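Visitor: Could you take me through this structure slowly, one topic at a time?

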Amino acid sequence: GNVGTTSIRVWARTRQPGTFRVVYSTSPDLSDPQRSAPVTTSWDHDATGWAQLTGLRPGTKYYYALEFGGKLAD
């Protein structure tokens, strides 16, 4: 959501409260990735949170995954 020409927000819900990052890249295999700032979820907000990705190149396709507990989420 909140899509701009060089930024976007990625919303996520975790299975349990914790901290996640968005890992993103212009490569489908997520090589040479960038990572968002950590986002902490809690039951107070239904284990949801969002990360703001900035500095994106306009007109460029990005691939992403969530990283939770140091591992990419399934």
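Visitor: Let's start with alanine 51: what does it touch, leaving out residues up to four places away in sequence?
Guide: With those left out, alanine 51 touches Ile8, Arg9, Val10, Val22, Ser36 and Val39, where contact means heavy atoms within 4.5 Å. Please keep in mind that this is a predicted model, in which local features need pLDDT of at least 70 and side-chain atom pairs count only at pLDDT 80 or more, while totals for chains, interfaces and linings use all residues. Residues are numbered from 1 along each chain as its sequence is written, and side-chain values use heavy atoms, with hydrogens and water left out.

Visitor: Which residues make up the largest nonpolar core?
Guide: That core has nine residues, and alanine 51 is one of them, together with Val10, Ala12, Phe20, Val22, Tyr24, Val39, Leu53 and Leu56. A nonpolar core here is a set of buried Ala, Val, Leu, Ile, Met, Phe, Trp, Tyr and Cys residues joined through side-chain atoms within 4.5 Å, and buried means under 20% relative accessible area, with exposed over 50% and partly exposed in between (1.4 Å probe, protein chains only).

Visitor: And which strand gives the most to this core?
Guide: At least two of the core residues come from each of β1, β2 (19-25) and β5 (48-53), and β2 gives the most, with three residues. These strands are DSSP runs of E with at least two residues, numbered from the N terminus.

Visitor: Is valine 10 buried or exposed?
Guide: Valine 10, which is found in strand β1, counts as buried because its relative accessible area is 10%. Beyond its neighbours within four places in sequence, valine 10 is in contact with Val22, Gly49, Trp50, Ala51, Leu53 and Tyr64. Valine 10 and serine 36 are 26 residues apart in sequence, and their C-alpha atoms are 9.8 Å apart in space.

Visitor: Switching topic, how many salt bridges does the structure hold?
Guide: It holds two, a salt bridge being a side-chain nitrogen of Lys or Arg within 4 Å of a carboxyl oxygen of Asp or Glu. In one of them aspartate 46 pairs with arginine 13, and their closest N and O atoms are 2.7 Å apart. Aspartate 46 lies in the loop between β4 and β5 and arginine 13 in strand β1, so the pair ties together parts that are 33 residues apart in sequence. Aspartate 46 is partly exposed at 43% relative accessible area, and arginine 13 is partly exposed at 48%.

Visitor: Which side chains meet at 3.2 Å, N to O?
Guide: Those of arginine 35 and glutamate 67, which meet in a salt bridge. This pair links distant parts of the chain, with arginine 35 in strand β3 and glutamate 67 in strand β6, 32 residues apart. Arginine 35 is partly exposed, with a relative accessible area of 43%, whereas glutamate 67 counts as buried at 14%.

Visitor: What is the phi of aspartate 46?
Guide: Aspartate 46 has a positive phi of about 55 degrees although it is not a glycine. Most residues other than glycine have a negative phi. Leucine 30, also not a glycine, has a positive phi of about 60 degrees; it is found in the loop between β2 and β3 (34-35) and counts as buried at 16% relative accessibility.

Visitor: Last topic: what is the volume of the largest pocket, and what lines it?
Guide: Its volume is about 250 Å³, and the lining consists of Arg13, Thr14, Arg15, Gln16, Phe20, Leu66, Phe68, Leu72, Ala73 and Asp74. On a 1 Å grid over the protein atoms alone, a pocket is an open set of points where a 1.4 Å probe fits, with protein on both sides within 12 Å along at least five of seven lines, and lining residues have an atom within 4 Å of a point. Grid points are joined across faces, edges and corners, and the volume is the space filled by probe spheres set on the points.

Note on methods:
Helices (H or I, at least four residues) and strands (E, at least two) are DSSP runs, numbered from the N terminus.
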